[in-house]
Amino acid sequence: MVDDAAVQLASAKAQLETAKEHLRTLQAAGKEAQIRAAAAAVNSAKGQLQSSEAQVTYSEVRSPGNGIVADRPLYPGDIAATGTPLFVVMDISRVVARVNIAAADASTVRVGQPATITLTDTGKEVDGKVTVVSPATDPNSATIQVWVQADNPDRSMKPGTAAHVAIVTETIKNTLLVPVAAVLPGETGGTAVLVVADGVAHRRAVQLGVRQGDKVQVLTGVAPREDVVVVGGMGVDDKGKVKVVEATAPETEEEQPEAATPEKGDQKKK
């Protein structure tokens, strides 16, 4: 199609030059009727030239946006049917990670919250933010879809790449933390920990808050700087004697399960 349009363009230019030369010849001879006919031929040639130029313009395909060509369904010689894409152009200077979150956890997710995208193949972490929280729950998975957008200036993150997303929904400062391993089932339900004082383990009911990694927030039941049993707590009775050892010390057969000290610090819920 492009070659045909180029040939028509060259032919139209040649006809235009011929008509102009004929017009100059007739003007020199002074024949007005022939001059008018030649002028009409010139106008006709101009029309053909403009039509050919338009055909050449139509043969150029321009993308309405910037980006890179990600797919090319058609090649030279193929006939494009109506509705068939010629190229797929993507702008990946920004990417969106789509994650499904349980409905109970999604209740605290809001648009604008900071998030971190971690690529599963390289481990690269990229900062982003929540841009979309679906108002509807997926009936098949009982989850809510959340979109996290991040800048991708070096275009290292490719469409379709698998990733993990961590969203910071709340920041709690100066809170009390204990290892998750220290949490035990309560005697009458709920949860408890074994607090060590003077070599004796005391079972205390505790109220837990948010969890991050291997640490959990304790709202009530444990005071700062108290030691709690973190290994073998299921086998220790209330008011049973224990021996506190360092976490790095080698254990012997006579040593009891080790204890850890609750920590104070910032707790982030993800």
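Here is a walk through this predicted model, from the overall picture down to a few single residues.

Let's start with some housekeeping. Residues are numbered from 1 along each chain as its sequence is written, and side-chain values use heavy atoms, with hydrogens and water left out. In this predicted model, local features need pLDDT of at least 70 and side-chain atom pairs count only at pLDDT 80 or more, while totals for chains, interfaces and linings use all residues.

How many helices and strands does the protein have? There are 3 helices and 16 strands. Both are DSSP runs numbered from the N terminus: helices are H or I runs of at least four residues, and strands are E runs of at least two. Of the 270 residues, 27% count as buried. Here buried means under 20% relative accessible area, exposed means over 50%, and partly exposed is in between (1.4 Å probe, protein chains only). The accessible surface comes to about 17,600 Å², and 51% of that belongs to carbon and sulfur atoms; these areas come from the Shrake-Rupley method with a 1.4 Å probe, and for residues only the protein chains shown count as cover.

Next, who touches whom? A contact means heavy atoms within 4.5 Å. Take the contacts with a separation of 6 or more: 60% of them are between residues 24 or more positions apart.

How confident is the predictor? That's what pLDDT tells you, residue by residue, from 0 to 100. The mean is 80, and 86% of the residues reach 70 or more.

Now look inside. A nonpolar core is a set of buried Ala, Val, Leu, Ile, Met, Phe, Trp, Tyr and Cys residues joined through side-chain atoms within 4.5 Å. The largest one here has 17 residues, and those with the most contacts inside it are Ile 101, Val 109, Val 130, Val 146, Val 148 and Ile 167. Which elements give two or more residues to this core? They are strand 3 (94–102), strand 4 (114–119), strand 5 (125–133) and strand 6 (143–151). Zoom in on Val 109: leaving aside neighbours within four places in sequence, Val 109 is in contact with Ile 101, Val 130, Val 133, Val 146, Ile 167 and Thr 169. There's also a second, separate core of 11 residues, including Val 195, Val 206, Val 222 and Val 228.

Two buried residues are worth a visit. Gln 113 is in the loop between helix 3 (103–106) and strand 4, and counts as buried because its relative accessibility is 12%. Its side chain makes polar contacts, meaning pairs of N or O atoms within 3.5 Å (within protein, one must be able to donate a hydrogen and the other to accept it, and residues adjacent in sequence count only if both atoms are side-chain atoms). One polar atom of the Gln 113 side chain lies 3.0 Å from the backbone oxygen of Thr 108, and the side chain also reaches the backbone nitrogen of Arg 110 at 2.8 Å. Not counting residues up to four places away in sequence, Gln 113 touches several residues, among them Val 130 and Ile 167.

The other is Thr 143, in strand 6, which is buried at 14% relative accessible area. A polar contact of 2.6 Å joins the side chains of Thr 143 and Ser 141.

Finally, the charges. Side chains of opposite charge can pair when their charged atoms come close. A salt bridge is a side-chain nitrogen of Lys or Arg within 4 Å of a carboxyl oxygen of Asp or Glu, and the structure holds 3 of them. In one, Arg 94 pairs with Asp 151, with the closest N and O atoms 3.4 Å apart. This pair links distant parts of the chain, with Arg 94 in strand 3 and Asp 151 in strand 6, 57 residues apart. Arg 94 counts as exposed because its relative accessibility is 54%, whereas Asp 151, at 49%, counts as partly exposed.

Another salt bridge joins Asp 154 and Lys 124, with closest N and O atoms 3.3 Å apart. In the remaining one, Arg 204 pairs with Glu 226 at 2.9 Å between the closest N and O atoms. Arg 204 is in strand 11 (residues 200–212), and Glu 226 is in the loop between strand 12 (215–220) and strand 13 (227–229). Arg 204 is partly exposed at 31% relative accessibility, while Glu 226, at 19%, counts as buried.

Technical notes: pLDDT is the predictor's confidence in each residue, from 0 to 100.
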